[in-house]
Amino acid sequence: MTDEQTLAYVQAAAVAAGLPLDAAQAARVAVHLQRTAGMAALLDAVPLHDADEPAEIYCPAPYGPAAH
């Protein structure tokens, strides 16, 4: 996204979420969003295969009095 598109997105999202942002605050949020998107793009560009990071198996801990 361009800087203008990012700022427009931030302003629209703030309105949708009911967050009052003045122009300076919206601009700062847009800068951070652009920076975050840039970092995410760098990570997304790293080629990974399924075996590179095996998913852990989720096993919830027992819950309630019977767990003790």
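Reply: Helices (H or I, at least four residues) and strands (E, at least two) are DSSP runs, numbered from the N terminus. This is a predicted model, in which local features need pLDDT of at least 70 and side-chain atom pairs count only at pLDDT 80 or more, while totals for chains, interfaces and linings use all residues. Residues are numbered from 1 along each chain as its sequence is written, and side-chain values use heavy atoms, with hydrogens and water left out.

Glu53 lies in the segment after helix H2 (23-44), and Glu53 is exposed, at a relative accessible area of 61%, where exposed means over 50%, buried under 20% and partly exposed in between (1.4 Å probe, protein chains only). Together with Asp50, Asp52 and Glu56, Glu53 forms a patch of negative charge on the surface; patches take residues with over 30% relative accessible area and no salt bridge, joining like charges within 9 Å and nonpolar side chains (Val, Leu, Ile, Met, Phe, Trp, Tyr) within 5 Å. A salt bridge, in turn, is a side-chain nitrogen of Lys or Arg within 4 Å of a carboxyl oxygen of Asp or Glu. Leu48, also in the segment after H2, is exposed at 58% relative accessibility, and its C-alpha atom is separated by 30 Å from that of Tyr9.

Tyr9 belongs, with Met1 and Leu33, to a nonpolar surface patch of about 340 Å², an area from the Shrake-Rupley method with a 1.4 Å probe. Leaving aside residues up to four places away in sequence, Thr6 touches Met1, Ala30, Leu33 and Gln34, contact meaning heavy atoms within 4.5 Å.

How values were computed: Lys, Arg positive; Asp, Glu negative; His and termini not counted. Charge placed at Lys NZ, Arg CZ, Asp CG, Glu CD.
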